[in-house]
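Q: I am new to this structure and would like a close look at one part of it. Please take me slowly through the pairing of its strands.

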Amino acid sequence: MIKLNYRKKIIIIGAGVAGLVAGCYAQMNGFESHIFEKEPHAGGLCASWKIEDLTIPTALYFFLLGNTPSTNLYNLWTELLPIEEFSFITPPYFFVTEYTNFPPCFFPTSLEDLGQYLLQRAPQDKLLIQEMLSGIQTFIEYELPIDRAYARAKFHQKWHQLINQFPLLLATQKWANITVKEWANSMQSVLLAQDILQMASPESAMLYPLALLAYAHQRAVGYLIGGGTKLIQALQNQYMTLGGNLHLNTEVKHIRIRSKKAVAVGLGKQQYFAADYIVACCDLYHLYRILLQGEYFSPKIAAQLENFKPATPMLLIMMGIKKNSFNLPFTLLGYNLQLTNPIFSSPNTLVHYLKLHSLAHDPTLTPSEYFLLTVQLPTEFTYWHQLYHNNKRQYYKQKQSLIAQVILALEHRFPGFANHLVFSEAVTPAAFWRHTYNFQGSYAGWCPTPTGLRQYLNRTVEEIENLYIAGHWFQAGGGIPAAAITAQNTIQAICAKEKLAFGVNA
Ligand SMILES: Cc1cc2nc3c(=O)[nH]c(=O)nc-3n(C[C@H](O)[C@H](O)[C@H](O)COP(=O)(O)OP(=O)(O)OC[C@H]3O[C@@H](n4cnc5c(N)ncnc54)[C@H](O)[C@@H]3O)c2cc1C
């Protein structure tokens, strides 16, 4: 049952994770909500599509965070999803890397195994290894607040944290200020330095992989059987059950502002849809530059955004492989294969490692005789974006050429691989942009650099009192947790403005 006593209207732009979560909480709190989504389906970066009879999930190759009751995020998921009915599998390895000239690394997710493993691998770095393990231990004992960077916490919140969570505060300050690359460089062992560089992108703060390892150790991060499809279907069902209104194939073209209030969204052809609140759950730059026509993109915001770096653009190759042709261990971050002959994924990006994910453990995605293997490569957004717009023929040719080079590399490592290949397809960052408008085709918002983690982006548009923003851009590191939490916070803020107690039941 929906609360009918209070029916102010909220328009939500975008039906990605953030939009659907915002919609659910809006409905639970008695608002009339309308989600406008430009694509023919909900999901955004988390949407899935079909190639023949295969389901290709875009996101959730790796994990859904907060899938066990021991974590803060679990409460949010239980408010929205029948999470206890979902099946998760948790990976024994954080990652595995096969090097060309070092022994392979099987980086365990269990803290005890990890300690033993690393000490055996690099005894000369015993003290630094212990320091890192103690960081993970702290993040296990005191869960990081994921919705607010510490630097922006209010004074009384900091004070509260200081008293109750002093070790967490120290660990956060320490690991948020050192990058993966800097930490790797402090190792005496060249081997361990290489291993550390596999934990996250080199410019990420060490806080990010260590906090993730803390979740992984507690088995609070796992692969959701059914992938992104399952998550989005469940969120969409919940939204519809709560009486929400989902308008697919409906692009918002601009936001109409009158007397410093967002009064309506323009849907093209002089069609407007009015509301009391507008929540933009779409890309930040798209909001400021297109929907608000650049008017509110102040030098202050521009300067602030300069401090962030979008997640490294990703080129994704999906492959259908005959079952039992070869096995890869199940990992959280991937099975990294160092290439004997590096590959150019774009003119300025030489790729040294292929990141493989086998989805053989998910029988819901493919017919029983196949499984899905994905290969991730870092690349450049501008190259693919321009190629797509200037020369489509060449764009498709380049994708095929890259797929052929990757197959060759995999054949070299797994002889006979090509004979087991059923199909292959590549998704470029230009396609991520086309389907979602995410800045530079970013697949997960901002990279969690030390500077990015310290910044706090306002979740309202300055000077406009009823325009809110949510999504993965509002917490460096991004991903589904950031999208969901910021959407929940936005509806909390609107409830507070309306002097309504925020509730989680319809
Ligand atoms: C391959 C891949 C793997 C990933 N793996 C993981 C993972 O394992 N774990 C994890 O936590 N995260 C993962 N992510 C990241 C995660 O999927 C995203 O961070 C998250 O889904 C972002 O959600 P969002 O709602 O903030 O934004 P989006 O998904 O970008 O949603 C925005 C929506 O707004 C719509 N839109 C934009 N402009 C308009 C407009 N003008 N009018 C109407 N609609 C509009 C878009 O079409 C889109 O549907 C992965 C991403 C990818 C691509």
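To begin with, which residue in S2 stands opposite Ile11?

A: Ile11 stands opposite His34 in S2. Before we go on, this is a predicted model, in which local features need pLDDT of at least 70, side-chain atom pairs count only at pLDDT 80 or more, and totals for chains, interfaces and linings use all residues. Residue numbers start from 1 along each chain as its sequence is written.

The two residues belong to a parallel pair: strand S1 covers residues 9-13, strand S2 covers residues 32-36, and five bridges link them. Strands here are DSSP runs (E, at least two residues), while helices are H or I runs of at least four, numbered from the N terminus. Two strands count as paired if DSSP finds at least two bridges between them. In general, strands of a sheet pair through backbone hydrogen bonds, either parallel or antiparallel.

Now widen the view. S1 and S2 sit in an open sheet of five strands, with the order S10-S2-S1-S14-S20 and parallel pairing. At its edges are strand S10 (245-247) and strand S20 (467-469), each of which pairs on one side only. Neighbouring strands of this sheet are turned by 20° against each other on average, direction ignored; axes are lines fitted to C-alpha atoms, for helices over the stretch in contact, and angles run from 0 to 180 degrees between N-to-C directions.

For another pairing, look at strand S16 (residues 335-346), which runs parallel to strand S7 (residues 93-98) and is joined to S7 by three bridges. There, Val96 stands opposite Tyr335. S16 also runs antiparallel to strand S17 (residues 349-358), with seven bridges, and Tyr335 stands opposite Leu356 in S17. S16 and S17 form a hairpin, with two residues between them.
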